[in-house]
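Subject: Structure handover

Hello,

Please find the structure below, followed by notes on what turned up in it.

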Amino acid sequence: MNPADLFSQQEDLVLLSPGDVLFREGERGDAMFVLLEGTMDIMVGDKVVENSRRGAIIGELALIDQSPRGATAVARGPVRLARVDQRRFHFLIQQNPFFATHVMKELADRLRQMNRLYAEH
């Protein structure tokens, strides 16, 4: 199951146009997002470190450790996202083992990607 399927019926969506910034590196965050449609560039500094697609979880670290955003998220085209606040995030983690596992998998994948990028330089 794709995480986007969990939010397919959500009505209060975040809609972005090409080039719109969802959040910027260094900002405080109070929500994460699930990408329902479109593609987002995740950038650290001026380098694109990830191209997020349908089902991607974006900005979850702000809910896990309340740290400032570690990256900037920019829409590559028209984008639809579901916003997930702290309360809903904790509910999903507790009630849906798939969602909890998916969040951990996303974090592990990103760590591996960052390790590869670091090793290249």
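Strands β1 and β8 run antiparallel and are joined by four bridges; helices (H or I, at least four residues) and strands (E, at least two) are DSSP runs, numbered from the N terminus, and two strands pair if DSSP finds at least two bridges between them. Within β8, L81 is the bridge partner of V14.

The model is predicted: local features need pLDDT of at least 70 and side-chain atom pairs count only at pLDDT 80 or more, while totals for chains, interfaces and linings use all residues. Residues are numbered from 1 along each chain as its sequence is written, and side-chain values use heavy atoms, with hydrogens and water left out.

Strand β8 (residues 79-85) also runs antiparallel to β3 (residues 31-37), and six bridges join the two. A82 in β8 stands opposite V34, and R80 in β8 stands opposite E37. These strands belong to an open sheet of four strands, paired antiparallel in the order β1-β8-β3-β6. The edges are taken by β1 (13-16) and β6 (57-58); each has a single partner strand, so one side of each is left without a neighbour in the sheet.

On the whole chain: the protein has four helices and eight strands, and from the N terminus on the elements run α-β-β-β-β-β-β-α-β-β-α-α. The radius of gyration is 14 Å, which agrees with the value near 14 Å for a compact globule of 121 residues; the radius is taken over C-alpha atoms, and the globule rule is 2.2 Å times the number of residues to the power 0.38. Along the principal axes, the C-alpha atoms fill a box of roughly 40 × 30 × 25 Å.

Of the 121 residues, 40% are buried, meaning under 20% relative accessible area (1.4 Å probe, protein chains only). Among contacts (heavy atoms within 4.5 Å) with a separation of 6 or more, 75% come from residues 24 or more positions apart.

The protein exposes about 7,100 Å², with carbon and sulfur atoms supplying 53% of it; areas come from the Shrake-Rupley method with a 1.4 Å probe. The mean positions of the 15 positive and 17 negative charges are 3 Å apart. Lys and Arg count as positive and Asp and Glu as negative, without His and the chain ends, and each charge is placed at NZ of Lys, CZ of Arg, CG of Asp or CD of Glu.

Regards

Notes. Buried means under 20% relative accessible area, exposed over 50%, partly exposed in between (1.4 Å probe, protein chains only).
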